Amino acid sequence: MSHSAMPTSTRPTDDTPALEIRGLGKQFPLGGLFSRESVRALHGVDLSLGRGEIVALVGESGSGKSTLARCVARLERPTTGEILLDGVDVLKRDRFQASRAFRAQVQMVFQDPFGSLNPAHRIEHFLRRSLTIHGKTGGSEKETQRRLEELITTVGLQPDMLNSYPHELSGGQRQRVAIARALAVEPEVILADEPTSMLDVSVRIGVLNLMRKLRDDKGISMLYITHDLASARYLADRIAVMFAGEIVEQGESLDLLANPAHPYTQLLVSAVPDPARAGSYDPVRRAELRQAVMASTSCAFEGDPNQACSSEESVRHQVGDPENRHWVRCHLYRPWAGAGGHALAGEPALPADDSEMKVSA
Amino acid sequence: MTVSQTSLGSHEPVLEVKDLTVKYIGDTRSTTAVDRVSFSIGAGEIFGLAGESGCGKSTIANSIMRLLKDPAKIAGGSIRFGGKDVLAMSTEELRRFRWQDVAMVFQSAMNSLNPVLTIGEQITDIYSTHAGYSRKESLHRAGQLLELVRINPSRLKSYPHQLSGGMRQRAVIAMAVALKPSLLILDEPTTALDVVVQQEIMAQIKELQRELGFSVLFITHDMSLMVELSHRMGVMYGGRIVETAKASEIHTNPQHPYTQALMGAFPPLTGPRVPLTGLAEGVKFRNILDLTEVFPGHFVAPSGDSPEITPAVLEGAAQ
C-alpha cells in the first residue's frame, strides 16, 4: 500500500474465490455441417477472481478475451472446463442455460451503451425490470421507488434522470445506467467487457472510478476486459494477459507492467503511446519480440529447479517475489500453429523472391 | 523529427486557417460546429488537433478539403493554402487541389477501399487519373509506393479482404502520399486498429514525413499518441480552440481546465497509482474567449472569470 494514495485491494475474507475458471476451452466449428475443422478460441484458461478483487484481462482483439467473458456469462457454451461460482460448478448445476439464480450472481456490462438500452423506454424501466425479475422490489411501491433512487444515485446520476430516455443521456451517463442495471440484482461478480472504449475520453476515468468505488463499498468482484493496458493498471489489482486464446502471463498490475516477462506482454507494453518515452520505438526489437512470441529458442528461466522447461507443456514460471503472484508461461511453449494475432501480422514484408515480386505489366 | 523542427517557422505557412466558422443550418435552429478557429501549419510541421467527439475537429478537416455538404455551411473566415484561397476555388481547381496538394486519410479508411478491385487497380487509378501515366508506368510506381510503406509489391494483386487491417491502413496511407502532397490530413487514422499496429502505423507516418517532407494535420482524441507525434497542437472544445502550444509544453504544463482534464484522462504506465478525475459528467464550458498568449508560443483561452469552470467546480462535480 505504500506505493499509492488509494486503497488497492480489500483482501478476500473468505478463501474460496468468488469466481474460478479451470481449464476452460472453446472451439468454434468452421465450414459446413460435416466439416471437422474448428477454430480454437480458448484453450486451458485458468483464472480466479477473489472476493472484492478486480482482475483485468488484456490482449489485442481476437485474442479471446470477449469469448471468455461470454462463456463465463453463459452466453456461449464452453467446449471443456469448469466455471466455479462460490466453489460450485455452474456448468454442471445448470446444464443447458443459465438459471435465474446464476444471473443474480453474475452480471455483465457491455461495450456499447448505445446498443444495450432500448431507446423506447425510460431509464426507470430498465432498473425496475431488473428489480422485478429478481424479486428485489421490496414489496411496496414506495420501497421500490426508494431503491430505484438509491441505484441511480449510487452510479452518480440524479434521481430525476429516471424519467429520461436513453437518447437524452450522454455515452458516459448511459454506461452508468447499464452499471446501475447490473447492480440492481446485487451481484457478486460483474463482467465488464470494454466498458469505456466507446465513451468520450474525458469521462472514461469517471466510469473507472465508479467501478472501483463499487468494489470498495460493496465488495463486488470484477473481471475488467480491455485492450488498454494503462486503464487496466489504473483499475485492476491483477492483470492477466491473453494471447491466442491462452493466458500467457498473470500478476499484480504494477509488478506485471513494470517487469513484463513474456515477449507478447513486452510487445504490448512497448506499444502503448506514452509521451514520457517518445521516440523509443525500435523496429528491430519489435521484430525480435514477434519472433520470440511464436518460436522462442531459449527460456529466461532455464535451470529453474522447480520446473522443467518444455515446448509441449505450458509450464509456468514464477517471476520475482511470490507475493506479487506473478507467473509467466514458459517462452519455449509453442503457441498453437493457427495462432497469430494482429500484433504479429504487422510484420513488415520480408524481401520476397523475385518471381513473386514481378508485377504483371 | 529534427529535420522538420529546424524548418519550423522558417517558411511561409503551408496552411493558414483564420477565424473559420462552420454552421450546421437547420429548419428551426442552427448549430455552430466550428467557431472562429485560427491556426497555421508550417512546412514539414506536424500539427495536432485534439478533442472529443463532436468538438468540431473533423468538420475542420472537411472544410479544408471543401468536402462539407448541406446542411453544413462555412459561415465565415478564410482558409489559405500556399497563398491560394481554398474557399474561392472553382470545381476544376478543387479537383487538382485535392489529392495533389492536400490528401486525407479518413477514420477507418481501411474500409474505404473498394472490395471488388485489387489494391493495384486502385493505386494505378490515382496515377492514371491525376498524373496521366501509362498503365505500365503506373503499375511500376504503385509497386514502389507499397514498398515505401513496407508492403510486398506482390500484394498489388490482392483484394482488400486478403490484407490485414493494419496493412490496408498502410495501403491507404500510401495512396494518400502517392502524388506527393504538401499537406496530409489524418483524421483518427488508427482508432480502429490494435495498439501494436497503431504504433507501427504512426512510426511509418513519421518516417514518410521525414522522407517526403510534407506537413501533417493530425486529428485524434488520444492525447498520449498526439503528444508523441506532433510538434505543435491545439485542443478543441465545443468548436473553439481552448489552448495551443508546443506538444511537449501542453503535456508538461497544460493551462486550460479542459486540457488538464483531458491530460488527466490518460492514466500513466509507470510510477505510482494516483487517483485521476478526468472531466466530471455534465461539466460544460460556455462562452470560450479568444486565445491569449501566456508564455511565448503558448496560447490559452482565459477561463478564470467564468464561475462554472473553475478547478474547484471540476473537483466538486467529480465526487
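Q: In what order do the four strands of the open sheet in chain B stand?
A: In this predicted model, the open sheet of chain B has four strands that pair in the antiparallel sense. Strands E2 (30-41) and E5 (84-85) of chain B each have a single partner strand and stand at the edges, so one side of each is left without a neighbour in the sheet. The order is E2-E1-E4-E5.

Q: Which residue in the turn of the hairpin of E11(B) and E12(B) has a positive phi?
A: Strand E11 (residues 292-295) and strand E12 (residues 298-300) of chain B run antiparallel and are joined by three bridges. Across this pair, B:Phe299 in E12(B) is opposite B:Glu293. Two residues lie between the strands of the hairpin, and the positive phi, about 80°, belongs to a residue in the turn, B:Gly297.

Q: Why does the distance between the end C-alpha atoms of helix H7 of chain B agree with its 18 residues?
A: Helix H7 of chain B covers residues 195-212. At 1.5 Å a residue, its 18 residues should span 26 Å, so the end C-alpha atoms agree with this at a separation of 25 Å.

Q: How many of the 18 residues of H7(B) are buried?
A: Buried here means under 20% relative accessible area. By that cut-off H7(B) is mostly covered, the number of buried residues being 14 of 18.

Terms used. Residues are numbered from 1 along each chain as its sequence is written. Chains are lettered from A and ligands numbered from 1 in the order in which they are written. This is a predicted model: local features need pLDDT of at least 70, side-chain atom pairs count only at pLDDT 80 or more; totals for chains, interfaces and linings use all residues. Side-chain values use heavy atoms; hydrogens and water are left out. Two strands pair if DSSP finds at least two bridges between them. The expected span of a helix is 1.5 Å times one less than its number of residues. Buried means under 20% relative accessible area, exposed over 50%, partly exposed in between (1.4 Å probe, protein chains only).
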